[in-house]
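Below are my notes on the pockets and helix packing of this model. Please read them alongside the coordinates.

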Amino acid sequence: MITVEAYMKAMQTIAPFELAEPWDNPGLLIGGGDREVCGVVVALDATSAVIDEAVEQGANLIVTHHPVIFSPLKSIGADSIPWKLVQAGISVISAHTNLDIAEGGVNDALAEQLGLTNVRPMNESGLGRVGELPAPMESAAFAALVKERLQAPAVRYHAIGDKVKTVALCGGSGGDYLADAIQSGAQAYLTGECKHHIWLEAAEAGILLAEAGHYHTEAVIVEPLAKRLRDMLPQAVVHVSKRCTDGVSAL
């Protein structure tokens, strides 16, 4: 019998929960550790579609990147995700910034997807990576590479005149770490989303800024995470969600 606690121990090995930022809320957020797990779905988010998918797969545990409970709850309505999970008898383990920071986590998976070498932490907190492209690239070529490798609908970027070789990155909402990317000596910084003033700061600093979408800069971790869980728990039945999307369309 594989219990929820066994998956918690596996996740602690993969992405130690103590690595998480103080404001974060990772961990076992729905359910109890002694419950037997029949099957698992790994996804970025525990959406209604993913809950339905888990039910259809006979899975009673969802492992997510984004915490299913983040802000304090004042009520739990019948149409809320926590209510649906409890009603369906599904437990949830979430690994958020700890999975961003951990070796082999979100940002390492993102760097690997882009083919970067000599990958190292971008800052002291570990929320980012810096690596080298196989060869220097023009701004447009780099944006095209990101779009292709991440299968992103669109990539917004601020071009620079020089070619880029050293790339800093942070999946998800990494705009606030632009200063760290500049400090690292990178010529380009890739993240999922950033605010308007970050674009202006990047232009002033002369660094290529590329934005490929929160979902697409983090979805790269789902397959590797599922594989690691299967390797650590050989008897486990672990599915990769096919219904977790960002729900966004682009023209």
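1. Three residues of α9 line the second largest pocket, and α9 gives the most to that lining. Helices (H or I, at least four residues) and strands (E, at least two) are DSSP runs numbered from the N terminus. The model is predicted, so local features need pLDDT of at least 70 and side-chain atom pairs count only at pLDDT 80 or more, while totals for chains, interfaces and linings use all residues. Residues are numbered from 1 along each chain as its sequence is written, and side-chain values use heavy atoms, with hydrogens and water left out.

2. The second largest pocket holds about 310 Å³ of space. Of its 18 lining residues, G213, H214, H216, D246 and V248 are the closest to its centre. A pocket here is an open set of points on a 1 Å grid over the protein atoms alone, where a 1.4 Å probe fits, with protein on both sides within 12 Å along at least five of seven lines; lining residues have an atom within 4 Å of a point. Grid points are joined across faces, edges and corners, and the volume is the space filled by probe spheres set on the points.

3. By class, the lining of the second largest pocket has seven nonpolar, seven polar and four charged residues. Ala, Val, Leu, Ile, Met, Phe, Trp, Tyr, Cys and Pro count as nonpolar, Asp, Glu, Lys and Arg as charged, and the others, Gly among them, as polar.

4. The largest pocket has a volume of about 460 Å³. It is lined by 20 residues, with Y215, A219, V220, V222 and E223 nearest its centre. At least two lining residues come from each of β2 (40-43), α6 (139-150), α9 (214-218) and α10 (222-232); α10 supplies the largest share, three residues. The lining divides into eleven nonpolar, five polar and four charged residues.

5. Helix α1 (residues 4-14) packs on α10 at an angle of about 120°, with the axes 10 Å apart. Axes are lines fitted to C-alpha atoms, for helices over the stretch in contact, and angles run from 0 to 180 degrees between N-to-C directions. α1 and α10 are therefore oblique to each other: angles under 35 degrees count as roughly parallel, over 145 as roughly antiparallel, 65 to 115 as roughly perpendicular and the rest as oblique. In contact (heavy atoms within 4.5 Å) are Y7, A10, M11, T13 and I14 of α1 with L225, R228, L229 and M232 of α10.
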